[in-house]
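Hello,

Here is the structure we talked about passing on.

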Amino acid sequence: MSLVFDSSFAPHYGEAVEIAPDIKRITVNNPSPFTFFGTNSYLIGRDTLALIDPGPVDDAHHAALRRAIAGRPVSHIFVSHTHRDHSPLATVLKAELGATLVAEGPHRPARPLHIGEVNLLDASGDYDFVPDIAAADNSVIAGDGWALRTIHTPGHTANHVVFGLEGTDILFSADHVMAWATSIVAPPDGSMSDYMASLDRLLERHDRVYLPGHGGAVTKPKTFVRGLKAHRKMRERAVLERVKLGDRTIAAMVKVIYRETDPRLHGAAGLSVLAHLEDLVARGKVHTEGNPSIDGVYWAG
């Protein structure tokens, strides 16, 4: 199944853009190859509000959020996951607004580090964030005219969740599903097997639009998620094929598989290949000495 990305997006930095009744999007001016135009924060409600993913500590974005809040109470701040482009401002706003912080839990890797392993993504994690409420899977928190259901979707990070707006067909899909690109799944923070299982969980739902953490809406989510699954399976086949053809290292595989990808993303691409190799080694399709690692040697068997 083909996967068509949509890179059309106007960030409107500093402005609160109404994208559905009682839902406004404010985008941080933190563009990069990993964040697209920047991180999307969402305000939900009319009188007493909920805020999803306040973003990094950024003075201009902080001021834009306060303007959009316009003195109204904010009862809850929901955090999809604890990468530093999503969560650090939550703690600042909690102190200012008296809001309750809701997330799956603190930042942690998807698996324990192997002996001698260095977490290359360690700096991207917000280890200071601690939620007031550790939202259980499929739990619902209701506010003033809104209710959000938390669905656990590990894969991009161990504590990644998405939020369904009850009584609507809208899902806040954070970094799990985005219209402009695939999500980075990078061990040890991420897990490919978890990510694929989380995609299946979304296919069980009947949402008609996803509002992601970066970029514009996913307007045909079931078709897009099926395309994401097919894309990941294609990448898995490509990795396995490169191993069978004699590529012994991740660097050699990335050079071929991602030859048309921005070189600035090759480091992340290598971690994505590692995520596939972890899964393939666990299933006995690829072999390596000891645990799979970014500088390991791989062979088919």
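Which way do V209, Y210, L211 and P212 point from strand β12, and are they buried or exposed? V209 and L211 point one way, while Y210 and P212 point the other way. All of them are buried. Keep in mind that this is a predicted model.

Next, the neighbour of this strand. Strand β11 covers residues 170-174, and four bridges join β11 to β12. The two strands run parallel. A174 stands opposite P212 in β12. Between the strands, the chain passes through helix α3, residues 192-203. This β-α-β crossover is right-handed.

Now the backbone. Most residues other than glycine have a negative phi, and most peptide bonds are trans.

- P188 sits in the loop between β11 and α3.
- F36: its phi is positive, about 60 degrees, although F36 is not a glycine. F36 lies in the loop between β2 (23-27) and β3 (40-44).
- D53: phi is near 55 degrees, again a positive value in a residue other than glycine. D53 is found in the loop between β4 (49-52) and α1 (59-69).

Are F36 and D53 buried or exposed? F36 has a relative accessible area of 15%. Buried means under 20%, so F36 is buried. D53 has 2% relative accessibility, so D53 counts as buried too.

Best wishes

Notes
Residues are numbered from 1 along each chain as its sequence is written. This is a predicted model: local features need pLDDT of at least 70, side-chain atom pairs count only at pLDDT 80 or more; totals for chains, interfaces and linings use all residues. Side-chain values use heavy atoms; hydrogens and water are left out. Buried means under 20% relative accessible area, exposed over 50%, partly exposed in between (1.4 Å probe, protein chains only). Two strands pair if DSSP finds at least two bridges between them. A crossover is right-handed if, with the strands pointing away from the viewer, the path from the first strand over the helix to the second runs clockwise.
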